[in-house]
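Hi everyone, thanks for coming. Have a look at what's on the screen, and I'll talk you through a few spots.

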Amino acid sequence: MVYFVNFIILGDHIAPEIEEVASGVNKITNSALLVGDSNWSITTGWRLMFVSEAVPAALFTILLFFVPETPRYLAMTGKDEKALNILTKINGRSKAQEIMSEIKATVVEKKEKLFTYGALVIFIGIMLSVFQQAVGINAVLYYAPRIFESLGMGNPMMQTVIMGIVNISFTLLAIFTVEKWGRKPLLIWGSLGMAIGAAGVMLTSMSSAIPPVVAVVSIMIYSASFMFSWGPICWVLISEIFPNTIRGAAVAIAVAFQWIFNFIVSSTFVPMYNMSPAFTYGLYGVICVLAAVFVWKLVPETKGKTLEDMTKLWKKK
């Protein structure tokens with residue numbers, strides 16, 4: 001949605017170099033218009049884009065009042081009937097009773113030390129967060145207009161709108177297949193798809209004989225592959241893999257590493273891209289392949305498993 005909002009806000013105020021290429025007019029005769037458009041984006045455009053975020057933020061605040069507490073929390077606070085009602089809506093009466101019994105058996109347990117189940121589960125949680133950012137997706141999303149501009153693909157905001165449509169379409173793919181195909185297959189195939197997309201951009205950067213549209217399509221493949229895999233599935237796994245008694249602290253650590261690497265990737269992208277686009281996307285491609293191997297070898301499948309099942313799994317390990 002934000003791609004469309006920003007595109008509408010920007011309107012005809014496109015970047016000077018893009019407008020010159022598109023119109024082919026003389027720089028001198030059109031300089032006042034170009035400077036004016038550029039200044040508008042710098043002084044006004046970004047402010048309108050920023051304040052537009054207040055609308056979904058307000059809607060989110062209102063809708064949160066209609067979100068029920070989790071059954072696990074309700075059981076911990078003695079509200080068993082409310083917990084059972086919510087579980088019944090999700091799972092049906094018979095399954096709800098079974099899950100409720102498992103929850104009641106664990107909520108009374110005391111919190112355990114972080115490494116009670118070994119270092120491996122913590123390492124996997126951290127690396128899921130690290131790989132989600134290290135594949136470079138946020139750098140691509142943050143700087144998509146600049147990337148499309150450097151490829152000479154016309155109005156870069158239009159390209160980002162198209163990328164937004166692709167992104168939401170493939171996010172829906174994850175929503176409808178995650179419980180059917182499982183978490184691991186989606187992550188592995190997504191990683192390989194991202195590697196292919198990154199390789200396409202790298203090759204385009206290395207050879208002027210390859211048309212720029214190949215790079216644009218490769219970026220779309222890269223982004224789409226992330227959106228049906230690491231984008232949503234990483235969050236699902238982080239919420240599912242940890243045993244219940246260490247879950248709070250373990251999730252906090254994993255998410256902290258996610259934001260640390262978000263900062264590292266987004267702050268290093270521009271210097272690396274300016275130095276060598278081919279190296280930058282080549283590096284992201286290698287990381288994508290490593291992410292696929294990591295998931296294949298180390299990450300357990302959590303489809304159809306409860307938190308109690310994961311506790312038993314890590315105890316065995």
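**Aromatic rings and a buried arginine**

So, Y281 and Y284 are both buried, where buried means under 20% relative accessible area, exposed over 50% and partly exposed in between, using a 1.4 Å probe and protein chains only. Quick background: this is a predicted model, where local features need pLDDT of at least 70, side-chain atom pairs count only at pLDDT 80 or more, and totals for chains, interfaces and linings use all residues. Residues are numbered from 1 along each chain as its sequence is written, and side-chain values use heavy atoms, with hydrogens and water left out.

Back to the rings. Y222, F269, Y273, Y281 and Y284 make up one aromatic cluster. Rings of Phe, Tyr and Trp (its six-membered ring) pair if their centres lie within 6.5 Å; planes under 30 degrees apart are stacked, over 60 edge-to-face, and the rest tilted.

How many aromatic pairs does a search of the whole structure find? Nine. One of them is F123 with F294, edge-to-face, 6.4 Å centre to centre with 80 degrees between the planes. F123 is partly exposed at 40% relative accessibility, while F294 is buried at 7%.

Now, is R183 buried or exposed? R183 is buried, with a relative accessible area of 2%. Leaving aside residues up to four places away in sequence, R183 touches V178, I233, V236, L237, E240, E301, T302 and K303; contact here means heavy atoms within 4.5 Å.
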